[in-house]
Amino acid sequence: MKVVDSAGLSGTERDVKCPNGGFQSLRMLLEKDGMGFGMTRTLIPKGEPQHWHYTNHLEACYCVSGEATLLNCDTGELHKIRSGVLYALDNHDDHLFHAHSDVELICVFNPPLKGGELHNADGEYE
């Protein structure tokens with residue numbers, strides 16, 4: 001059994017901050033935890049749109065709090081994200097996430113993250 005308190009992850013190797021301030025990711029479950037998926041508590045501050053494109057991972061995000069818009073860069077579809085909404089990037093979707101207020105997401109990754117991944121210039125994790 002694993003029990004992880006996200007409050008205890010701040011300041012550890014599982015506390016990953018975007019260099020340009022676009023997010024803080026508390027990596028609750030990683031590949032080394034052996035669950036077959038990863039889980040993060042991701043905090044996105046109100047601000048400029050963030051470009052992300054996970055070509056190596058599938059991701060599902062459940063919004064706990066805040067308001068944002070999610071733009072599918074390939075189709076032009078725009079979605080409102082708010083508390084209670086889940087979005088799944090099931091086709092490695094190229095997207096822009098624009099937090100209109102501070103946003104908290106619970107995110108599940110497949111395959112799981114290894115730990116310190118940050119977005120590269122194309123918005124993806126290696």
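Biologist: Which residues have the most contacts inside the largest nonpolar core?
Modeller: Keep in mind that this is a predicted model. The largest nonpolar core counts 21 residues, and the ones with the most contacts inside it are Ile44, Trp52, Ile81, Tyr87, Phe97, Val103 and Leu105.
Biologist: Which strands supply at least two residues of this core?
Modeller: Strand E5 (58-65), E6, E8, E9 and E10 each do. E10 gives the most, with 4 residues.
Biologist: Take Val103, then. What is Val103 in contact with, leaving aside neighbours within four places in sequence?
Modeller: Thr42, Leu43, Ile44, Cys63, Ser65, Gly66, Glu67, Ala68 and Phe97.

Biologist: OK, on to the sheets. What's the strand order in the open sheet of 6 strands?
Modeller: The order reads E1-E2-E3-E10-E5-E8, and the pairing is antiparallel. Strand E1 (15-17) and strand E8 (86-89) are the edges, each pairing on one side only. From one strand to the next, the twist averages 25 degrees.
Biologist: How many bridges are there between E3 and E10?
Modeller: Strand E3 (residues 38-44) and strand E10 (residues 103-110) pair over 7 bridges, in the antiparallel sense. As one example, Gly38 has Phe109 in E10 as its bridge partner.
Biologist: And the open sheet of 4 strands, what order does that one have?
Modeller: That one goes E4-E9-E6-E7, with antiparallel pairing. Its edge strands are strand E4 (50-53) and strand E7 (78-82), and each of them pairs on one side only. Ignoring direction, neighbouring strands in this sheet are turned by 25 degrees against each other on average.
Biologist: How is E9 joined to E6, and how does E9 pair with E4?
Modeller: Strand E6 (residues 67-72) runs antiparallel to E9 and is joined to it by 5 bridges. Within that pair, Ala68 has Ala99 in E9 as its bridge partner. E4 and E9 are also antiparallel, over 4 bridges.
Biologist: Who stands opposite Asp94 there?
Modeller: His53 does.

Biologist: Let's stay on Asp94. Buried or exposed?
Modeller: Buried: its relative accessible area is 15%, and the cut-off for buried is under 20%. Asp94 is found in strand E9 (residues 94-99).
Biologist: Which side chain does Asp94 make a polar contact with?
Modeller: His51, with the two side chains joined at 2.5 Å. Leaving aside neighbours within four places in sequence, Asp94 is in contact with His51, Trp52, His53, Leu71, Asn72, Cys73 and Asp74.

Biologist: Switching to Asp33. Where is Asp33 found?
Modeller: In the loop between strand E2 (24-29) and E3. Asp33 is buried, with 16% relative accessible area.
Biologist: What does the side chain of Asp33 pair up with?
Modeller: The Asp33 and Arg14 side chains are joined by a polar contact of 3.0 Å. Setting aside neighbours within four places in sequence, Asp33 is in contact with Lys2, Arg14 and Met28.

Definitions and conventions. Residues are numbered from 1 along each chain as its sequence is written. This is a predicted model: local features need pLDDT of at least 70, side-chain atom pairs count only at pLDDT 80 or more; totals for chains, interfaces and linings use all residues. Side-chain values use heavy atoms; hydrogens and water are left out. Buried means under 20% relative accessible area, exposed over 50%, partly exposed in between (1.4 Å probe, protein chains only). Contact means heavy atoms within 4.5 Å. A polar contact is a pair of N or O atoms within 3.5 Å; within protein, one must be able to donate a hydrogen and the other to accept it, and residues adjacent in sequence count only if both atoms are side-chain atoms. Two strands pair if DSSP finds at least two bridges between them. Axes are lines fitted to C-alpha atoms, for helices over the stretch in contact, and angles run from 0 to 180 degrees between N-to-C directions. A nonpolar core is a set of buried Ala, Val, Leu, Ile, Met, Phe, Trp, Tyr and Cys residues joined through side-chain atoms within 4.5 Å.
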